[in-house]
Amino acid sequence: MKEQLVKRAIYSFFGPPGSGKGTLAQKLVADDQYLVLSTGNLCRQHVAAGSEFGKTLNQYLKQGHLIPDALVTEMVIDWLLAQTQTTSPIILDGFPRTQGQANIFLNFLNDVRDKFLFKVIVFDLSDDEIVKRLSQRIVCANKGCQATFTDSQKQEKCTFCGGFLTKREDDQEDVVRERLMQFPAHKEALLGFYNTTGQVVVHLDIARLLPLQVYASFCNLVENRDGLK
Ligand code: ADP
Ligand code: ZN
């Protein structure tokens with residue numbers, strides 16, 4: 001049997017806050033063909049559960065700071081190892097986000113290299129567009145759902161679960177600014193690291209694309225274009 005056939009794909013979505021990674025992941029999960037882990041959603045679920053671990057995470061979240069590399073990577077690996085019920089491809093929405101995370105994670109994948117095929121999708125979007133999108137973003141308050149919408153959709157309830165829609169706490173302007181400030185340095189180091197390790201990285205230019213067009217672009221990529229398969 002061909003080697004590729006037995007490997008399970010992992011697509012890492014990397015892009016600035018508000019670049020639509022979560023919206024695409026949400027659509028792919030609704031298709032029922034992918035398993036998605038959004039590290040941000042998982043962190044917020046821990047915070048909402050009120051555990052000691054959640055309290056630790058919230059120290060970082062509420063200030064717009066990243067969770068320490070070792071902590072977030074361990075969380076992802078634990079989740080990944082538990083996904084044995086299906087062989088669906090996996091989306092990691094918002095992970096790895098730093099060179100340190102990628103380093104630990106790729107080392108882990110190397111140890112289990114027969115099992116997974118790791119691909120990185122980078123979402124490219126200008127700063128102006130990001131700020132505009134984040135200021136319009138509203139999310140489902142149900143932490144089991146956390147679907148995202150925009151103000152302009154003028155709806156009050158989540159179309160998936162009927163939950164109330166609210167602004168995310170870290171979408172306030174000063175916290176957004178902090179999150180955006182950290183992004184370029186992490187991006188440069190992470191993409192530099194992928195470059196030196198020969199990691200396949202595909203860029204999706206999503207300026208002016210509607211969510212359904214982003215979805216179509218991703219499906220095109222996966223359907224054997226640009227060396228993604
Ligand atoms: P955004 O992409 O808009 O920043 P997320 O929901 O992906 O939103 O992340 C929200 C917060 O969760 C981050 O500001 C950070 O505190 C934490 N977080 C999520 N993913 C990671 C990660 N890979 N590494 C460190 N912290 C993370
Ligand atoms: Zn919902």
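## The shell around the ligand

Helix α3, which spans residues 39-49, contributes the most to the shell around ligand 1, giving 3 residues; helices here are DSSP runs of H or I with at least four residues, strands are E runs of at least two, and both are numbered from the N terminus. The model is predicted, so that local features need pLDDT of at least 70 and side-chain atom pairs count only at pLDDT 80 or more, while totals for chains, interfaces and linings use all residues. Residues are numbered from 1 along each chain as its sequence is written, chains are lettered from A and ligands numbered from 1 in the order in which they are written, and side-chain values use heavy atoms, with hydrogens and water left out.

There are 19 residues around ligand 1 (each with a heavy atom within 4 Å of it), and those that come nearest are Thr 39, His 65, Arg 97, Gln 101 and Arg 179.

## Atom pairs and cover

A nitrogen atom of ligand 1 lies 2.7 Å from a polar side-chain atom of Thr 39, and a nitrogen atom of the ligand is likewise 2.7 Å from an N or O atom in the side chain of Gln 101. On the side chain of Arg 168, an N or O atom is 3.0 Å from an oxygen atom of ligand 1. Of the 540 Å² of accessible area that ligand 1 has on its own, the protein covers 97%, with areas taken from the Shrake-Rupley method and a 1.4 Å probe.

## Backbone details

Phe 95 and Pro 96 are joined by a cis peptide bond with omega of about -15°, and Pro 96 is found in the loop between β3 (90-93) and α6 (99-111). Gln 146, found in the loop between β5 (137-140) and β6 (148-150), has a positive phi near 60°.

Notes:
A polar contact is a pair of N or O atoms within 3.5 Å; within protein, one must be able to donate a hydrogen and the other to accept it, and residues adjacent in sequence count only if both atoms are side-chain atoms.
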